[in-house]
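Please find below a note on the model under review. The points are numbered so that each can be checked against the coordinates.

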Amino acid sequence: MTRGRDGGSGTPPTKHRALLAAVVTLIVAISAAIYAGASADDGTKDRTPLAGGRFPRGDAAPASTGTWVGAWSTSPAAAEPGTEATGMAGRSVRNVVHTSIGGTSARITLSNLYGQSPLTVTHATIALADGPDTAAALADTMRRLTFGGSPRVVIPAGGQVISDIARVTVPYGADVLVTTYSPVPSGPVTYHPHARQTSYVADGERTADVTAVAYTTETRYWRYLTALDVLSHEADGTVVALGDSITDGFGSEVDANNRWTDVLAERLHDAAGAGRDTPRYSVVNQGISGNRVLTGRAGRPADNPSALSRFERDVLERTNVKVVVIVLGVNDILHSPELADRDGILDGLRTLVDQAHARGLKAVGATIMPFGGYGGYTPDRETMRQEINEEIRSGRVFDAVVDFDKALRDPYDPRRLRAEYDSGDHLHPSDEGYARMGRLLDLDDLKGAAPIQL
């Protein structure tokens, strides 16, 4: 591990970095205004409260003691192709998510970020799955979700909504079913396309079904759902992993929860249970396959937005976040030749760290792993990767460094991943490689807060 970001003794800021910071500030301000502004009207004007303002029977409850943390989350990544006209109207969407911490109450976040019309949800439920790889629920855990006391909510285009608190015990490592139903057309659907998790769809309003009979369609997408928070006695805060397909878990076994973030969450949970002096944190995964530090794709809002433009939403707005782990840069090297210069990428990474520090968050960063043998490999790109890694290891970028490159590269050919850590495409790790990543990060590096800037 390399520790300690040099707060002022490294290379002085350049005009390039100053200009980048100014541009990023403008981008973040505009994107935050669009997203948060649309979210400000989270559908409350269209809610129909129950008589007397009651909650539906036994489903929503006031919070008890504990700390709200992120048990699971994902980044809205794009508008789902083919859903522009009707969205998921007339179908029940049952998302399956895996928890990184346990709690005694829960709440969810639904997003219509990429929608061009309001999304009306009339029924939503949360339940524990009745085992792995199933849409069936444990009957006594099924809860109706409400929004401001009503089962119905209208989420404006570009907006999001957080549910009321549901009293349900959510264990660590559980598969949780979150089901939504919309009766009217809306679209396109806001989704995360590389879930590495099987979810389900049923025709009609089947949100409270405890059997899997109606859920005949399997999907590898997460739709609408972007967060599951729990009220926990097991954790004091949340670690956010910000990354690309390597954090998304591309190449890992589907439904096995073998992403490196899953392994890290397991280590934190086991350490806390053993009474070790380690941070009591949950872990949430904000990886988007293909993500870059500097540039996003086309669209308004952009599909696959850059890390610079989504940092506010996907890191700073996560529940009770304490630390961010940044694993980015390879796609800038591979796919942005017009912008992928060494200083531009490093300045972008430092800007992310500056944004984290401004909110009191510690920033841990990773070296860029080798991609020799991958289709985009060139000697010039390899040189750039080595130069960026050298600067990252110097301690002048992040507060602490996890050296994924050193741990997973082939010692006889450092331009490539070791064979047992390679999924086969020479870019993404295998399950064994992801396990190595998750075991490598020093839990002590997650302690503390951002360094004081003098």
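1. Basis. This is a predicted model, in which local features need pLDDT of at least 70 and side-chain atom pairs count only at pLDDT 80 or more, while totals for chains, interfaces and linings use all residues. Residues are numbered from 1 along each chain as its sequence is written, and side-chain values use heavy atoms, with hydrogens and water left out. Helices (H or I, at least four residues) and strands (E, at least two) are DSSP runs, numbered from the N terminus.

2. Strand S16. In strand S16 (residues 225-232), 8 of the 8 residues are buried, so the strand is largely enclosed by the rest of the structure. Buried denotes under 20% relative accessible area, exposed over 50%, and partly exposed in between (1.4 Å probe, protein chains only). Strand S2 (residues 67-73) runs antiparallel to S16 and is joined to it by 6 bridges; two strands pair if DSSP finds at least two bridges between them. Within this pairing, Trp 72 has Leu 228 of S16 as its bridge partner. Strand S5 (residues 105-111) is also paired with S16 in the antiparallel sense, over 6 bridges, and here Arg 107 is partnered by Asp 229 of S16.

3. S3 and S12 are joined by 2 bridges, and Ala 79 stands opposite Thr 190 in S12.

4. Arg 310. This residue belongs to helix H4 and is buried, with a relative accessible area of 1%. The Arg 310 side chain makes polar contacts with the side chains of Ser 75 (3.2 Å) and Asp 314 (2.8 Å). A polar contact is a pair of N or O atoms within 3.5 Å; within protein, one must be able to donate a hydrogen and the other to accept it, and residues adjacent in sequence count only if both atoms are side-chain atoms. Not counting residues up to four places away in sequence, Arg 310 touches residues including Leu 242, Gln 286, Asn 291 and Val 315, where contact means heavy atoms within 4.5 Å.

5. Helix H3. Helix H3 (residues 260-273) has 14 residues and reaches 20 Å from its first C-alpha to its last, close to the 20 Å expected at 1.5 Å a residue; the expected span is 1.5 Å times one less than the number of residues. Among its buried residues are Trp 260, Val 263, Leu 264 and Leu 268. The buried residues of H3 pack against strand S17 (237-243), helix H2 (245-248), strand S18 (281-287), S19 and H9. Just after H3, Gly 275 takes a positive phi of about 75°.

6. Backbone exceptions. Most residues other than glycine have a negative phi, and most peptide bonds are trans. The bond from Gly 187 to Pro 188 is cis, with omega near -5°, and Pro 188 lies in the loop between strand S11 (175-182) and strand S12 (190-192). Asn 320 has a positive phi near 55°; this residue is in the loop between helix H4 (307-316) and strand S19 (321-327), and is partly exposed at 26% relative accessibility. His 426 has a positive phi near 70°; His 426 occupies the loop between strand S23 (413-417) and helix H9 (431-440), and is partly exposed at 28%.
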